[in-house]
Amino acid sequence: MRAHARLFLDFGEHLERQHRISMDGYAVLVALDEAGGKKLLMQDLPLEVASSAGVFVKSVERLAKDGLLTSTEVPSRTCAVELTLTDSGRERLDAARVTHRADVRMRFLVCATGEEQEILGRFWERVLAA
Amino acid sequence: MPTRLNARELGAWRGFLRVHALLWRDLEASLEARHGISLGAYDVLVLLDEAPGARLRMSELAGAVLMSSGGFTRLADRLCGEGLVARERASSDGRGFELVLTPAGRERLEQARQTHRADVRSRFLKPLDSREQELLGDIWERLGGGSQDIGSV
């Protein structure tokens with residue numbers, strides 16, 4: 001858990017310094033980008049996004065304030081909020097991705113061989129399915 | 001070097017993020033429900049228990065659990081309020097403060113440890129055979145997490 005915290009902290013500082021987005025913010029933008037332009041409900045964002053509900057809401061508010069996503073309440077559903085990636089959000093994400101992928105390679109993937117990465121991937125799937 | 005992560009790299013990295021998020025939520029919910037402490041608080045109690053004299057400087061502890069000073073001060077206040085730790089002047093030079101594990105803190109930790117270890121075994125270690133556990137330990141060492149990582153078991 002501390003290994004994760006150390007990586008999360010370092011990667012977050014790097015993203016913040018170079019692209020003015022947090023790790024949670026980055027994960028939200030990735031999820032929206034992978035939705036292929038579709039709107040996503042807040043509760044449909046993937047598991048790895050945000051460590052707590054409070055942090056998550058703050059991240060979304062900041063991204064909306066910076067114009068990187070739009071956040072719209074769904075009139076037909078109580079408390080439902082739809083998020084959409086804006087053009088500036090996609091542009092910021094593309095730049096941040098280069099930084100983040102390089103960090104993931106240099107700090108995480110470098111610690112495991114290709115074969116070990118495959119074993120890790122299968123192991124995580126088993127833990128998630130258990 | 002290609003910019004995109006390939007499927008194998010993505011599986012290793014994203015799986016790590018997802019498993020961490022899932023385990024953090026489950027392990028913390030279990031500790032909160034049964035022992036009234038967060039995973040962060042549990043980590044602090046474990047570090048104090050392992051320290052000589054069961055005491056550590058506040059700044060050292062905040063660094064070890066990778067929390068901001070504000071977040072750590074709030075956590076320390078809560079633990080002090082519950083009588084699980086005490087805040088005392090640093091014994092070595094009288095400058096700054098140390099947190100000291102109290103008998104009530106040690107008792108709560110011992111109970112929480114049973115729950116936490118059982119949770120880690122059933123939620124994380126059970127799907128692995130011993131060879132995979134060794135491999136994971138090796139990778140963690142290379143990552144710098146050390147053998148005592150995985151939620152300070």
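Biologist: In chain A, what share of the contacts with a separation of 6 or more comes from residues 24 or more positions apart?
Modeller: In this predicted model, such residues account for 59% of those contacts in chain A. A contact here requires heavy atoms within 4.5 Å.

Biologist: What makes up the secondary structure of chain A?
Modeller: Chain A has 5 helices and 3 strands. Read from the N terminus, the elements run α-α-β-α-β-β-α-α.

Biologist: What does the C-alpha trace of chain A span along its principal axes?
Modeller: The trace spans about 50 × 35 × 25 Å. Chain A exposes about 6600 Å². Carbon and sulfur atoms supply 53% of that area.

Biologist: What percentage of the residues of chain A count as buried?
Modeller: Of its 130 residues, 48% are buried. The cut-off is under 20% relative accessible area.

Biologist: Why is Thr99(A) called buried?
Modeller: Its relative accessibility is 10%. Buried means under 20%. Thr99(A) therefore counts as buried.

Biologist: Where is Thr99(A) found, and which residues does Thr99(A) touch?
Modeller: Thr99(A) sits in helix α4 of chain A, residues 87-108. Leaving out residues up to four places away in sequence, Thr99(A) touches His14(A), Gln18(A) and His19(A). To touch, heavy atoms must lie within 4.5 Å.

Biologist: How far apart are the mean positions of the positive and negative charges of chain A?
Modeller: They are 2 Å apart. The chain carries 18 positive and 20 negative charges. His is not counted.

Biologist: Now chain B. What is the strand order of its open sheet?
Modeller: The order is β1-β3-β2, in a sheet of 3 strands with antiparallel pairing.

Biologist: What makes a strand of this sheet an edge strand, and which strands are they?
Modeller: An edge strand pairs on one side only. That applies to β1 (55-57) and β2 (85-89) of chain B. From one strand to the next, the twist averages 30 degrees.

Biologist: How do you know that β1(B) and β3(B) count as a pair?
Modeller: Pairing takes at least two bridges. Between β1(B) and β3(B), residues 97-101, there are 3 bridges, and the strands run antiparallel.

Biologist: Which residue of β3(B) stands opposite Arg55(B)?
Modeller: Val100(B) does.

Biologist: Which strands does helix α4 of chain B lie across?
Modeller: Helix α4(B), residues 69-81, lies across β2 and β3 of chain B. The helix runs at about 110 degrees to β2(B).

Conventions: Residues numbered from 1 in each chain as written. Chains lettered and ligands numbered in written order. Predicted model: local features only at pLDDT ≥ 70, side-chain atom pairs only at ≥ 80, totals over all residues. Heavy atoms only, no water. Helix = DSSP H or I, 4+ residues; strand = E, 2+ residues; numbered from the N terminus. Axes fitted to C-alpha atoms, helices over the stretch in contact; angles between N-to-C directions. Buried < 20%, exposed > 50% of the residue type's maximum accessible area, 1.4 Å probe, protein only. Areas by Shrake-Rupley, 256 points an atom, 1.4 Å probe, with all protein chains shown as cover. Charge placed at Lys NZ, Arg CZ, Asp CG, Glu CD.
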